[in-house]
Structures are given as C-alpha cells and as structure tokens.
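Subject: Structure handover

Hello,

Here is the structure we discussed, with the sequence. My notes on what was found in it follow below.

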Amino acid sequence: MVVLNPNNWHWIDKNTLPWTKDYFNSKFNDWTIENGDSKFRVVSVSSISGDSNVTQRKGKVICYFDLKLEFTVAVSGHVLDNEEEDVCEGTISVPEFVHDECEFGIEYVGFGKQESVIRQQFTPKFVEELLKYQSTLVDAHSKDVQHTL
C-alpha cells in the first residue's frame, strides 16, 4: 500500500471495511457480560455496512468511518421475571456509528419488556467496547499509509 510519498505530503487512503468486518466478528461473536443473575451474550454480528478508511495527509494519520451495525443478543437469567432461567433474544442496531461522535443512537428490537434491563445493564459496557474501535483501527493501519525512509 505504501507508495513513494516524500514527507507524507500527499493523500493516501486505505479502505479498511474488510478489516472492520473481521474486527467486529472476532471481537463480538459470543461476547458475554454477566451482571448478577443476568447474562447477556452477543450471539452474532448480524450486519456491518458502510464505509471505513484510514487516511494520511500532510504527515497526519486520520480515520473516518460511517457504519451501520446490527447484533443479535441473547439475555438469560432471573432478569426475565421467572423463577427459572429463561432466554430472550433480540437485535441491537447502531444505525450511525461515526468517527467524530462518541454518542450515537441504539435501537432495540425483539426484547419486549426486557428492553429496559438491556439498556441499563448491557448497553453501557457494549458502548464502551464499540468506542475502542477507532483507536484500534488507527493503530492497526497507520503504518500502511505512511512512507518511512
């Protein structure tokens, strides 16, 4: 990917969407959080679409991404208002996960009355993990877009 680019002056772009798909699949497939009697597990990364790039211009490495993410999540434990363990499964979507925002909308489908528990117990840790993506992306690809002498 590296081309002759003295002083890293010229634009260099690298499409990182394939890497992004691998990253989210390896990071979140079967990702589990236990909170008391409750267990939350990302069953699968259902969909990843959009753009993800690492760019270099005038010696500065930046990344930009605009992704739509969907995850299938299972919830089990006494959180489901039953005496015995039960399982509830639904979809969590992030319609606009972008490089310049730390706050983003999250949509919940299929969790019924358990949605509030998921919002309180699962979402904060899930968002914390999502926000690690940007720094990992830059670390993984910055050397590919800069010319070293």
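A residue is called buried here when its relative accessible area is under 20%. The model is predicted, so please read everything below with that in mind.

By that cut-off, the buried residues of helix H2 are Val117, Ile118, Phe122, Thr123, Phe126, Val127, Glu129 and Leu130.

H2 is also bent. The bend is about 50° and sits at phenylalanine 122, with proline 124 following within four residues. End to end, between its end C-alpha atoms, H2 spans only 19 Å, whereas a straight helix of 16 residues would span 22 Å at 1.5 Å a residue.

The partner of H2 (residues 115-130) described here is helix H1 (residues 17-28). Their axes come within 12 Å and cross at roughly 145°, and the crossing is right-handed. On the H1 side the residues in contact are Tyr23, Phe24, Lys27 and Phe28; on the H2 side they are Phe126, Glu129 and Leu130. Sorted by class, this contact has five nonpolar residues, two charged residues and no polar ones.

Asparagine 53 lies in strand E3 (residues 38-57). Asparagine 53 counts as buried because its relative accessibility is 13%, and the cut-off is under 20%. Apart from neighbours within four places in sequence, asparagine 53 is in contact with Lys14, Asn15, Thr16, Ile62, Cys63, Tyr64 and Leu137.

Regards

How values were computed
Residues are numbered from 1 along each chain as its sequence is written. This is a predicted model: local features need pLDDT of at least 70, side-chain atom pairs count only at pLDDT 80 or more; totals for chains, interfaces and linings use all residues. Side-chain values use heavy atoms; hydrogens and water are left out. Axes are lines fitted to C-alpha atoms, for helices over the stretch in contact, and angles run from 0 to 180 degrees between N-to-C directions. Helices (H or I, at least four residues) and strands (E, at least two) are DSSP runs, numbered from the N terminus. A crossing is left-handed if the near helix is turned anticlockwise from the far one by less than a right angle, and right-handed if clockwise. Contact means heavy atoms within 4.5 Å. Ala, Val, Leu, Ile, Met, Phe, Trp, Tyr, Cys and Pro count as nonpolar, Asp, Glu, Lys and Arg as charged, and the others, Gly among them, as polar. The expected span of a helix is 1.5 Å times one less than its number of residues. The bend at a residue is the angle between axes fitted to the seven residues ending there and the seven starting there. Buried means under 20% relative accessible area, exposed over 50%, partly exposed in between (1.4 Å probe, protein chains only).
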